[in-house]
There are 2 protein chains.
Amino acid sequence: MRVAVIGVGMTRFGKHPEKSLVDLFAEAFWEALNDANIELKDIEAVYFGNFVGELTDGSANLSGFVADEIGLKNAPAIRYEGACASSTVAFREAVRAVKAGYHKCVVVGGAEKLLSAGTAIGTRALATAVDGIYEMTAGLTFPGVFALAARYYGKKYEIPLQKLREMIAYVSVKNHRYGAMNPKAQFYGKYGDLKVEDVLNSKMICSPLTLLDCCPMTDGGSAVIIANEKFAKDVCDKPVYVLGTGQASGGSLFRQEDDIIKAIPRKKAAEMAFKEAKITPKDVDFVEVHDCFTIAEIIALEAMGFFDYGTACYATAEGVTSMDGDLPVNPDGGLIGKGHPVGATGTSQIYTAVKQIRGEFKWNQVKNARIAMTDTLGGDFGTLVNVILGVD
Amino acid sequence: MRVAVIGVGMTRFGKHPEKSLVDLFAEAFWEALNDANIELKDIEAVYFGNFVGELTDGSANLSGFVADEIGLKNAPAIRYEGACASSTVAFREAVRAVKAGYHKCVVVGGAEKLLSAGTAIGTRALATAVDGIYEMTAGLTFPGVFALAARYYGKKYEIPLQKLREMIAYVSVKNHRYGAMNPKAQFYGKYGDLKVEDVLNSKMICSPLTLLDCCPMTDGGSAVIIANEKFAKDVCDKPVYVLGTGQASGGSLFRQEDDIIKAIPRKKAAEMAFKEAKITPKDVDFVEVHDCFTIAEIIALEAMGFFDYGTACYATAEGVTSMDGDLPVNPDGGLIGKGHPVGATGTSQIYTAVKQIRGEFKWNQVKNARIAMTDTLGGDFGTLVNVILGVD
């Protein structure tokens with residue numbers, strides 16, 4: 001039996017110092033429950049994604065507290081940690097559990113508080129997603145990982161660095177434009193009319209990436225309710241089906257034999273999802289990809305099979321991934337414009353995909369959106385999950 | 001189709017400052033792979049439990065590194081965190097995935113490094129498993145949680161405190177005795193002939209619990225390989241089947257309406273496991289329970305249904321849970337004698353259960369062991385998982 005998403009919710013992404021991780025998840029959950037038009041008692045289990053609650057809030061083992069807070073006392077509740085892919089890992093496992101008949105209906109989501117943790121704690125926390133022994137201790141944090149990737153990309157595909165910087169800056173311009181339109185986004189109403197020059201001239205973080213090449217730190221929560229097809233059809237006018245999912249892993253960066261810019265684990269995860277969905281990249285109407293940095297969006301689109309290696313930067317600069325292009329990418333602003341509350345990011349992509357497919361994403365609606373694909377990357381290509389959603 | 005455990009491995013529990021979390025898991029894995037008599041390529045996914053790698057080793061997002069280290073490059077790999085139940089949560093999910101036909105054969109395990117992290121970091125790390133806002137900030141750490149439970153137990157069942165202290169001390173005497181016999185245990189060759197007086201007279205940690213009422217901090221890793229029945233029978237002379245599993249959650253301690261000494265989430269998890277296995281407590285030959293403190297073993301045995309509430313302390317003092325009693329409990333020494341490397345504890349219980357059922361636990365073999373039950377508790381009744389294993 002197929003599995004459908006029947007309700008979605010998310011907090012405004014931004015700064016929420018007054019709310020706990022449990023509060024943020026719960027707020028997103030109530031919106032999802034209301035959206036799903038079901039009763040609390042219909043939900044049988046909780047799949048919760050969180051990356052570094054231990055470091056930012058002093059709290060691990062949150063899944064039981066989360067379940068209790070939303071009224072699901074004693075329900076089986078699991079916390080998944082796969083860095084930035086935490087809630088997408090949870091989503092895939094939840095889908096498989098419902099598909100196998102273990103549950104009729106469950107909630108999946110995540111929460112994170114990085115912005116209100118402050119830059120020092122937040123940066124240290126984020127760095128735990130790289131290899132803690134051989135990479136972090138060598139000074140490698142994420143701007144460094146993706147600056148390396150950007151430089152290698154330019155070298156490999158023989159693109160002069162300045163030319164590459166200009167092309168990837170379009171990712172920032174585009175995603176900030178869409179984020180500024182999205183009331184749930186951290187940068188709602190801000191940075192909507194950036195120019196490429198603004199990106200090039202903003203503060204250098206790790207050459208060649210400037211501040212506007214980077215996603216922000218963010219607090220937020222997201223939640224989606226999934227159910228088997230029978231229950232979904234009983235309660236829902238327009239269930240959005242999970243057509244396919246894929247997951248793969250990568251070792252430490254220095255042990256990834258092939259080019260990191262090819263993102264081999266992502267290629268494998270995407271192929272797994274396409275195979276299960278029985279479609280090809282050509283069938284996808286729009287995508288949500290993991291643009292933690294501008295170059296990351298380019299690498300993602302190529303590994304997922306939407307563009308040949310070395311070409312997505314040209315396509316982006318030409319507008320192919322804009323709303324009026326052939327393949328709109330990150331219509332909600334992506335991590336760069338919407339924000340990146342790590343544990344909540346994966347299911348916030350599902351939120352956008354479902355709202356778009358239902359035709360409810362009125363502030364930046366993709367025309368005739370029927371099939372969407374999401375992509376979440378945990379660490380430096382350590383945990384990759386892709387999800388394909390659609391309607392009949 | 002049924003699911004079987006076909007290989008088990010664990011490191012010596014103790015102090016391993018020179019080994020990383022990945023190293024500890026890998027060492028256990030190689031033993032399990034050798035035990036299973038299969039090839040590496042037969043293993044399709046990694047289910048990895050770890051509680052506080054972020055805090056002790058600066059490493060989250062370890063599942064991909066773990067997969068890469070053991071040669072399963074790019075395999076789907078998931079990290080589960082449910083405090084002390086982390087690897088049992090992973091085990092249950094792995095069993096469900098294999099049962100549903102998603103995989104033929106997978107590895108499940110865990111690792112933790114608390115002893116070599118030192119007391120200050122270790123204590124702070126462990127405390128993240130209680131509610132971080134309302135409990136930890138009030139000074140509640142785990143000796144406090146279980147000292148409260150012990151006092152409440154005495155009050156509720158009208159047992160004078162000194163009498164109760166004497167009775168629960170038998171748990172320490174018994175589990176240390178068995179731990180001293182187990183070459184994999186932290187206290188192998190030590191504390192094998194403790195007397196009740198030794199427990200009562202050891203250093204007071206949190207009244208009424210003394211040092212010998214507490215399990216130690218531990219480094220270690222464990223791993224088990226599970227497979228579907230068909231593959232298990234192809235490669236294995238004596239597969240040990242997973243007869244049933246159960247899981248439930250609890251909210252913050254102060255929100256658990258019923259007595260904490262009744263451990264309601266554990267009762268629900270155990271009932272779920274018994275129902276799936278289609279057996280009753282009377283059918284179980286021996287159990288591995290979560291004796292993080294002496295009183296914890298008593299509470300566990302009652303909630304699981306082996307003794308009426310308020311009676312397991314008498315039964316323990318009378319020897320019912322000793323090797324020559326009706327229900328041997330923790331023949332490997334339990335957390336108190338074997339050690340408690342949190343993320344590795346759950347699958348180390350499965351290790352013992354399987355070795356016992358195969359008749360290979362020669363240093364302390366339960367006679368005619370055919371059906372075993374394990375019990376792991378994460379936090380202060382936040383995450384509970386029970387597993388029943390057996391042979392035809």
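**View 1. In strand β8 of chain A, A:Tyr241 is the bridge partner of A:Ala4.** Welcome to a predicted model, in which local features need pLDDT of at least 70 and side-chain atom pairs count only at pLDDT 80 or more, while totals for chains, interfaces and linings use all residues. Residues are numbered from 1 along each chain as its sequence is written, with chains lettered from A and ligands numbered from 1 in the order in which they are written. β1(A) and β8(A) pair in the antiparallel sense over two bridges; strands pair if DSSP finds at least two bridges between them. β1(A), residues 3-10, also pairs with β7(A), residues 219-228, in the antiparallel sense over seven bridges. There, A:Met10 stands opposite A:Ser222. Eight of the eight residues of β1(A) are buried (20 or more other C-beta atoms within 10 Å of the residue's own; exposed is 12 or fewer, partly exposed is in between, and C-beta atoms are placed from the backbone).

**View 2. Chain A as a whole has 14 helices and 11 strands.** These elements are DSSP runs numbered from the N terminus (helices: H or I, at least four residues; strands: E, at least two). The radius of gyration of chain A is 19 Å, close to the 21 Å of the globule rule for 392 residues, so the chain is as compact as a globular protein of that length. The radius is taken over C-alpha atoms, and the rule is 2.2 Å times the number of residues to the power 0.38. The C-alpha trace spans about 60 × 45 × 40 Å along its principal axes, and 66% of the 392 residues count as buried.

**View 3. Helices α7 (residues 161-181) and α11 (residues 294-303) of chain A cross at roughly 100°, their axes coming within 8 Å.** That makes α7(A) roughly perpendicular to α11(A) (65 to 115 degrees; under 35 is roughly parallel, over 145 roughly antiparallel and the rest oblique). Axes are lines fitted to C-alpha atoms, for helices over the stretch in contact, and angles run from 0 to 180 degrees between N-to-C directions. On α7(A), look for A:Ile168, A:Ala169, A:Val171 and A:Ser172, which meet A:Thr294, A:Ile295, A:Glu297 and A:Ile298 of α11(A). Residues are in contact if their C-beta atoms, placed from the backbone, lie within 7 Å. This contact divides into five nonpolar, two polar and one charged residue (nonpolar: Ala, Val, Leu, Ile, Met, Phe, Trp, Tyr, Cys and Pro; charged: Asp, Glu, Lys and Arg; polar: the others, Gly among them).

**View 4. α4(A) packs against α14(A), residues 342-358, at an angle of about 50°, with the axes 5 Å apart.** The two helices are therefore oblique to each other. α4(A) contributes A:Ser86, A:Ser87, A:Thr88 and A:Phe91, while the residues from α14(A) include A:Gly343, A:Gly346 and A:Ile350. Here the division is four nonpolar, seven polar and no charged.

**View 5. Chains A and B meet through 52 residues from chain A and 52 residues from chain B.** Among the elements giving two or more residues to the side of chain A are α3 (63-69), β3 (77-81) and α10 (264-277). That side divides into 22 nonpolar, 19 polar and 11 charged residues. Three bridges join β3(A) to β3(B), and these strands run antiparallel. A:Glu81 has B:Arg79 as its bridge partner.

**View 6. B:Gly305 is found in the loop between α11 and α12 of chain B.** B:Gly305 is partly exposed, with 17 other C-beta atoms within 10 Å. Leaving aside neighbours within four places in sequence, B:Gly305 is in contact with B:Ala270 and B:Pro281.

Conventions: Two residues are in contact if their C-beta atoms, placed from the backbone, lie within 7 Å.
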